[in-house]
Amino acid sequence: MGLRDDLDRYREVGEAKRQDLSEFIQYGDLGQSRPDEVKIPIKIVDLPEFVYDPRDQGGVGQGQGGTPDVGDPVGEPQPQPGDGDDEGDGDEPGEEGGDHEYYEMDPKEFAKELDEELGLDLEPKGKKVIEEKEGDFTDMTRTGPASTLDFERLFKQGLKRKLAMDFDGEYVREALRVDGWGPSRVFEWARSEHIPVSRAWIQDAYDSLPAEEMDRWDSIEEMQREVDRESTAARIRREGIDEIPFRREDERYRYPEIIEEREKNVVVVNIRDVSGSMRQAKRELVERTFTPLDWYLTGKYDNAEFVYIAHDADAWEVDREEFFGIRSGGGTRISSAYELAAELLEERYPWSEWNRYVFAAGDSENSSNDTDKNVIPLMEEIPANLHAYVETQPSGNAINATHAKEVDDHFDDAGNVAVAYVNGPEDVVDAIYTILSTEDES
């Protein structure tokens with residue numbers, strides 16, 4: 001067995017793991033896993049091993065006349081312990097241990113596999129600031145120590161101003177030599193030609209001209225035909241730049257960008273109806289839907305905490321084991337759970353620091369008008385990344401099971417409310433996709 005055999009073996013295990021993920025979520029024994037460790041049953045892939053070719057094993061024989069010769073067979077092979085020929089043993093070798101073994105993964109790997117399985121890519125955002133540190137000197141301010149002055153920017157701003165203010169002075173002086181033109185007319189002409197010259201400069205240039213040169217040109221058109229206007233670029237190449245006009249308003253000082261390290265915190269509030277109508281089949285569907293969601297969000301966030309609320313007509317907080325194992329009894333008032341959820345979130349998990357998910361499940365039966373008057377307003381008032389309700393009705397909808405539909409109809413266009421319907425284990429994966437894809441889109 002070589003390295004290629006090992007690689008093929010691990011590829012087969014990975015493929016089997018992915019193929020069995022959906023089946024595990026729908027029908028597997030979730031109790032084999034823990035909150036921090038997921039155990040996925042996968043089909044057994046036999047490990048490669050050394051096997052001797054029976055044709056090369058050699059041995060002794062009986063030969064002719066009872067005299068054994070080397071290489072002759074010696075009757076039938078004697079059965080050995082463990083050959084599977086015991087009375088009543090009809091199994092083939094290796095079948096006794098069943099046809100599955102378990103692949104262990106942490107929630108982070110589970111979340112990655114589920115993303116691939118369902119085509120999701122939920123990227124949580126951090127909320128709680130845990131550290132601030134200085135980054136690169138990329139931000140700017142108008143004041144600061146001289147050592148942080150951005151001289152390159154200052155030089156560029158001054159150079160831009162120099163180029164914007166530059167003009168061909170000799171060309172303008174020639175305009176002053178047009179017969180009958182004075183400083184005012186030359187200034188108007190310069191403006192029409194987009195020459196950035198000041199009236200004071202023109203006046204000084206006019207005053208310095210000898211009187212005999214003031215009628216050199218009969219018209220401005222003649223002057224423009226005879227005199228070439230030199231561009232700023234050509235003049236800089238010929239003369240260079242003597243000075244750059246720096247100004248205080250161009251000064252900028254660099255200071256470091258402040259980078260906030262944010263921890264990706266999430267709190268998941270799981271709400272479960274434990275009223276008298278929630279029989280075992282419905283409870284199992286709640287567990288089968290909520291457990292993978294817990295694993296998924298644990299794998300996605302740096303720090304995940306869970307709050308478990310059970311309710312009938314009243315609501316109370318329970319631990320994880322009790323949440324999934326509690327027996328049913330009593331009436332139903334779903335709003336009692338949301339009232340408690342709002343109170344706990346406000347006390348322990350401020351919206352400014354925590355991502356929030358509020359997942360509720362039940363058979364959609366609720367006390368009269370409680371959904372419309374109380375639950376929906378509470379869902380609107382509780383800030384959360386996602387609200388979700390999972391209806392579990394293995395035998396189909398009861399006549400008074402309207403809660404899920406009322407929530408679905410009311411939040412039809414909302415980007416952070418999902419409603420899923422689970423009538424059997426085969427609906428679980430679709431329900432999880434409905435919930436997580438709603439968060440992914442929002």
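**A strand, a helix and one aspartate**

Start with strand β7. N265, V267, V269, I271 and D273 point one way from β7, V266, V268, N270 and R272 point the other way, and all are buried. Buried means under 20% relative accessible area, with a 1.4 Å probe and protein chains only. Strands are DSSP runs of E with at least two residues, helices are runs of H or I with at least four, and both are numbered from the N terminus.

A word on the source: this is a predicted model, where local features need pLDDT of at least 70, side-chain atom pairs count only at pLDDT 80 or more, and totals for chains, interfaces and linings use all residues. Residues are numbered from 1 along each chain as its sequence is written, and side-chain values use heavy atoms, leaving out hydrogens and water.

Back to β7, residues 265–273. Nine of its nine residues are buried, so the rest of the structure largely encloses it. Its partner is β8, residues 303–311: the two pair in the parallel sense over nine bridges. To count as paired, DSSP must find at least two bridges. V269 stands opposite V307 in β8.

Now D168. It sits in the loop between α3 (151–165) and α4 (169–176).

Last, helix α13, residues 403–410. H403, A404 and V407 are buried there. They cover an arc of only 100° around the axis, which puts them on the same side of α13. That arc is taken from the directions from the helix axis to the C-beta atoms.

Terms used
Buried < 20%, exposed > 50% of the residue type's maximum accessible area, 1.4 Å probe, protein only.
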